[in-house]
Amino acid sequence: MKRTILGLLLIGLISLGACKESKNTGEKNIKKEGVATSAAPINKQLLIGSWLDTSASQLHFSLLEDGTARSDNMATLLYQKWRLEGGKLVLTVKSIGNGSSSIDEESYEIKTLTEEKLVLQNGDYAMEYTREK
């Protein structure tokens, strides 16, 4: 009976050690690639600059170092400010249309952030951008 309990305990400890090792390996890969995820902190400096929407909509925008934002080719959807909240990009947006306007905040999870690429997600919808050179 003691051998059975000891054997089960030993198997459990080995299993826990294997899980822990696998998790740490994944975190190292994330940091090595320089990709922002919920496990790695967001490098705010990488966000600063002009981003080109790769979709057919081509809704380009710029994030400035002082926290202001700019819509580069949209007349009715004006980005005004930006900030980071954890792993999310929060944009203050002014919508202008038909003689009325409203100001709102849009929040996007940062799925990928590198020197050249930005992927934002809002629910099931992902938007991909490349850095303007």
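Modeller: Happy to. Keep in mind that this is a predicted model. Let's start with Arg-131, which sits in strand E8, residues 125-131.

Colleague: Which side chain of opposite charge is nearest to Arg-131?

Modeller: That would be Glu-115, at 4.7 Å. Arg-131 is buried yet has no salt bridge, because a salt bridge needs the side-chain nitrogen within 4 Å of a carboxyl oxygen.

Colleague: So which backbone oxygens does the side chain of Arg-131 reach?

Modeller: There are two to look at. The Arg-131 side chain comes to 2.3 Å from the backbone oxygen of Leu-46, and to 2.6 Å from the backbone oxygen of Glu-115.

Colleague: What else does Arg-131 touch, apart from its sequence neighbours?

Modeller: Leaving out residues up to four places away in sequence, Arg-131 touches several residues, including Ile-48, Gly-49, Ser-50, Trp-51 and Thr-114.

Colleague: OK, let's zoom out. How many bridges join E1 to E8, and how many join E7 to E8?

Modeller: Strand E1, residues 49-53, is joined to E8 by three bridges, and the two run antiparallel. Strand E7, residues 117-122, also runs antiparallel to E8, with six bridges joining them.

Colleague: What do E7 and E8 form together?

Modeller: A hairpin, with two residues between the strands. Gly-123, in the turn, has a positive phi of about 65°.

Colleague: Which residue other than glycine has a positive phi?

Modeller: Gln-58 is one, with phi near 50°. You'll find Gln-58 in the loop between E1 and E2, and it counts as partly exposed because its relative accessibility is 43%.

Colleague: Switching to rings: how many aromatic pairs are found in the whole structure?

Modeller: Two. One is Phe-61 with Tyr-79, an edge-to-face pair at 5.6 Å centre to centre with 80° between the planes. It links distant parts of the chain, with Phe-61 in strand E2 (residues 61-63) and Tyr-79 in strand E4 (residues 77-85), 18 residues apart.

Colleague: And are Phe-61 and Tyr-79 buried or exposed?

Modeller: Both Phe-61 and Tyr-79 are buried. The other aromatic pair is Phe-61 with Tyr-129, again edge-to-face, at 5.0 Å centre to centre and 80° between the planes. Phe-61 is in strand E2 and Tyr-129 in strand E8, so this pair ties together parts 68 residues apart in sequence.

Colleague: Why do Phe-61 and Tyr-129 count as buried?

Modeller: Phe-61 counts as buried because its relative accessibility is 1%. Tyr-129 is buried too, with a relative accessible area of 4%. Through their ring pairs, Phe-61, Tyr-79 and Tyr-129 are linked into a cluster.

Colleague: What joins Asp-72 and Arg-70?

Modeller: A salt bridge, with the closest N and O atoms 2.8 Å apart. Asp-72 is partly exposed at 32% relative accessibility, and Arg-70 is partly exposed at 40%.

Colleague: How many salt bridges are found in the whole structure?

Modeller: Six are found. Among them, Glu-109 and Lys-111 meet at 3.5 Å, N to O. Arg-83, Glu-85 and Glu-105 are linked in a network of salt bridges.

Colleague: Last one: how accessible are Glu-116 and Lys-133?

Modeller: Glu-116 is partly exposed, with a relative accessible area of 40%. Lys-133 counts as exposed because its relative accessibility is 85%.

Methods
Residues numbered from 1 in each chain as written. Predicted model: local features only at pLDDT ≥ 70, side-chain atom pairs only at ≥ 80, totals over all residues. Heavy atoms only, no water. Helix = DSSP H or I, 4+ residues; strand = E, 2+ residues; numbered from the N terminus. Buried < 20%, exposed > 50% of the residue type's maximum accessible area, 1.4 Å probe, protein only. Lys, Arg positive; Asp, Glu negative; His and termini not counted. Polar contact = N/O pair within 3.5 Å; in protein donor to acceptor, adjacent residues only side chain to side chain. Contact = heavy atoms within 4.5 Å. Pairing = 2+ DSSP bridges. Phe/Tyr/Trp six-rings, centres within 6.5 Å; stacked < 30°, edge-to-face > 60°.
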